[in-house]
Amino acid sequence: MHVYSFLHAVREKRPLVHHITNWVTIFDCAQVVKSFGASPVMAHAPEEVAAMTGIASALVLNIGTLTTPVVEAMKQAAVAANQKGIPVVFDVCGAGATAFRDEKSLEILNSAKIAVIKGNASEIARVAGLAVATKGVDAGAVAADLAEVAAGLAARRACTVVITGPEDIVAGDGQLLRVKNGHPMMANLVGTGCMATSVIGTFAGATPARVPEAAAAGLACFEIAAEQAARKTKGPAAFKQELFDCIFALDEKLVESMQKVTPA
Amino acid sequence: MHVYSFLHAVREKRPLVHHITNWVTIFDCAQVVKSFGASPVMAHAPEEVAAMTGIASALVLNIGTLTTPVVEAMKQAAVAANQKGIPVVFDVCGAGATAFRDEKSLEILNSAKIAVIKGNASEIARVAGLAVATKGVDAGAVAADLAEVAAGLAARRACTVVITGPEDIVAGDGQLLRVKNGHPMMANLVGTGCMATSVIGTFAGATPARVPEAAAAGLACFEIAAEQAARKTKGPAAFKQELFDCIFALDEKLVESMQKVTPA
Amino acid sequence: MHVYSFLHAVREKRPLVHHITNWVTIFDCAQVVKSFGASPVMAHAPEEVAAMTGIASALVLNIGTLTTPVVEAMKQAAVAANQKGIPVVFDVCGAGATAFRDEKSLEILNSAKIAVIKGNASEIARVAGLAVATKGVDAGAVAADLAEVAAGLAARRACTVVITGPEDIVAGDGQLLRVKNGHPMMANLVGTGCMATSVIGTFAGATPARVPEAAAAGLACFEIAAEQAARKTKGPAAFKQELFDCIFALDEKLVESMQKVTPA
């Protein structure tokens, strides 16, 4: 798979990516989109979410700090995205941590066609109906084959499923891809999971006809930058700064020499 | 114009700048005020906004992630600012992107006397009643003379109008100023527009009798720091860090040797 | 007092610290917890706050950008924390700035058993019932002996009281401790007060049987990192990055050689 061509499409098309997201990582989600050369917009008022989605190329939903009114806005925006035919990428952040998150995740999943469901192992396992142990928004252990979980949920929901972790799994359209890029330092920085979702939205917005590959390519680019950033730094904050700047500087030679996207 | 004297006034008076702003760049708006030596406070509860404005020297409003309840709080705070006689600086962030933003922008403009209306070219053109193409919160093309647009709106609303861009325009009190400082890297960082508004609020709060010149001086200082920061860095995140630290380190010699504030 | 043993407990137990906090410093509060090796979670929906507190080891409340609905959620979470027996740490951010903040602070204090009340000198003086001059969320002058104010409030509320400043005071369980670490650069960075509260929550969550000492140890570790960071940097933004990374790198030798925790 030629990963760089997906990054090239992002930089050429500069998709507008509408987010309804959490208040913790909202800046970083916007900045990661901008660092890839695309255009973020954050808006959650019920009076305007459909209109804002109507000028966007992708919609990113993230329930990290969900409330009922914001979830209602997410559902409206998702319906608008379906009407316009743009991909909806949904980060089930914290699923499994509370019954409220499980319930609202299902409401969103059932309100519109979701193109990509994204979470860590325990979040996706929970959405897939498995019993899991979670620790807030951090991943808990899952006693199941993750590729099977992802492929099963993708088939059942007719969407793409992304499980992020030391090795990412992307299942959708009958494909199963693994992304083996990344670095353990990512776990020491708040927001790498949220940013990964925004990246998937950006790449899916630029190449909506090939969502599973776009998702894998986006993750590979993000995580190649993380590998570069980790090499140059020692702590999570310096790593974060370098992560954005390595994303900004990604080029074809680097991406293609480092990318580890493989069929599962 | 002696730009540094306005910065000196900020550092001497350390104005308290009350913000009702968006959730994306709220930290950066606070930090830019603090980096200039002033004191930011963010508060949006309807029960306290008037009281908080009552102890402030300026009020900054930014509709980047507006909702109806927050706009109601903005209107209450603006009325309190008028009663106290402190300047209200209003960033019409995203005007033109949705009908809701246009409508709420007008509501705020009509609710109280606004000292400064600030936006990029397409946002201000929209508020001025022109037809524009927007891309979320990024500037779209405007087929009009921006100085005329700014001066016309300033005269009609009896306020100061600031259009930011590669060259900033400040119109108000019968004056027309241009600020030719700045750097293209600013466009790769989320929040430079919002921060510019907070800077204008800070400078207007310190020198409320000379708002147009204070706005131009604030923009010049902010953008001189951006020029310095861009020289030292290669990516948007390193640039951001240096931007704050170059603001913190600004001195008279640097400001006066680099400032490009001119009558239009 | 062996400060490092409290840090060791944090890193061993990795407590989940549930925050209901403000929108300005919410990322930094999460990142400071993660940099210490613990696990932050931010959630404020009334439907889930009790459940989220139910899986946490500490609850941190911060009224920096309070609204009535969020305060209601805080009260529910505080009751749940009491039921579970985990410490509630409450930052009375901006107390004294508006009557609304004073009123809501008291409501929260009276709604449940609060383990730690934390603020700067003017905030704590206000909560203790003294007349104070405030400047938004920055400390104003207090004409009183701070150790007496802290000890008095701690006795009256049967809790631990922390006053942060050039020298921190911790009063509780009949103890009075001073922490003389820290650096003036902290005052140039938005959020150091909020982060200090999150640190206290993290340390209290790891060592709930010794809350006053845990609070003092957490402050000492945070401020030793600040001293290290200030030595390496010149501006507030570079300082911030180093602060997180120095926290991440703290070790026993450094902590024990630099800590200045003393009985008052």
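The model is predicted, so local features need pLDDT of at least 70, side-chain atom pairs count only at pLDDT 80 or more, and totals for chains, interfaces and linings use all residues. Residues are numbered from 1 along each chain as its sequence is written, while chains are lettered from A and ligands numbered from 1 in the order in which they are written.

Select chains A and B. Their contact takes 25 residues from chain B and 25 residues from chain A, two residues being in contact if their C-beta atoms, placed from the backbone, lie within 7 Å. Next, colour helix 10 (236-249) of chain B, which gives the most to the side that touches chain A, with four residues; helices (H or I, at least four residues) and strands (E, at least two) are DSSP runs, numbered from the N terminus.

Now show chains B and C: a rotation of 120° with 0.0 Å of shift along its axis superposes chain B on chain C (RMSD 0.0 Å), by least squares on the C-alpha atoms of residues with pLDDT of at least 70 in both. The two copies are therefore related as by a three-fold rotation axis. Centre on Trp23(B), whose C-alpha, at 3.7 Å, comes closest to that axis among the residues of chain B.
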